[in-house]
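Please open the model in a viewer and follow the selections below in order.

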Amino acid sequence: MSTITQDGLPGLDLPHHDVRPTITEQFHAFDAGHPWVYRALEQLVVQRLAAGAKRVGMKALFEALRWRHPHGVKGLNNNYTALYARRLLAEHPQWACAIEVRRRRSP
């Protein structure tokens with residue numbers, strides 16, 4: 001029995017240069033180009049905790065940033081919430097009880 005192959009069909013064998021960057025790679029590029037976003041998130045956490053919050057949700061912080069910048073924060077992708085949360089916790093481990101992160105499924 002002969003085997004039918006689909007070599008050469010569009011989209012089946014993407015050249016290496018067509019591989020999309022991972023979310024982590026996209027995040028690092030965004031973060032490097034927009035360092036103020038991290039500092040703004042950091043200040044929002046400080047403000048929420050000072051106001052008595054026991055828990056701080058990263059999605060809520062993203063929406064607060066969007067609200068404060070009505071023209072939008074171009075490129076602020078919801079996929080970055082966990083990565084910003086991990087970065088905040090790496091620099092502020094004392095916030096571990098306020099910012100919840102889940103175990104990562106990918107490296």
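Begin by selecting T81, which lies in helix α4; helices here are DSSP runs of H or I with at least four residues, strands are runs of E with at least two, and both are numbered from the N terminus. The model is a predicted one, in which local features need pLDDT of at least 70 and side-chain atom pairs count only at pLDDT 80 or more, while totals for chains, interfaces and linings use all residues. Residues are numbered from 1 along each chain as its sequence is written, and side-chain values use heavy atoms, with hydrogens and water left out.

T81 has a relative accessibility of 10% and therefore counts as buried (under 20% relative accessible area, with exposed over 50% and partly exposed in between; 1.4 Å probe, protein chains only). Next, display the partners of T81: apart from neighbours within four places in sequence, T81 is in contact with M58, K59 and F62 (contact means heavy atoms within 4.5 Å).

Now select helix α3 (residues 58-68) together with helix α4 (residues 81-91): their axes come within 9 Å and cross at roughly 105 degrees. The axes are lines fitted to C-alpha atoms, for helices over the stretch in contact, and angles run from 0 to 180 degrees between N-to-C directions. α3 and α4 are therefore roughly perpendicular to each other, a class that spans 65 to 115 degrees. On the α3 side, M58, K59 and F62 meet T81, Y84, A85 and L88 of α4.

Finally, show the whole chain, which has four helices and zero strands. Of its 107 residues, 27% count as buried.

Notes
Parallel < 35°, antiparallel > 145°, perpendicular 65-115°, else oblique.
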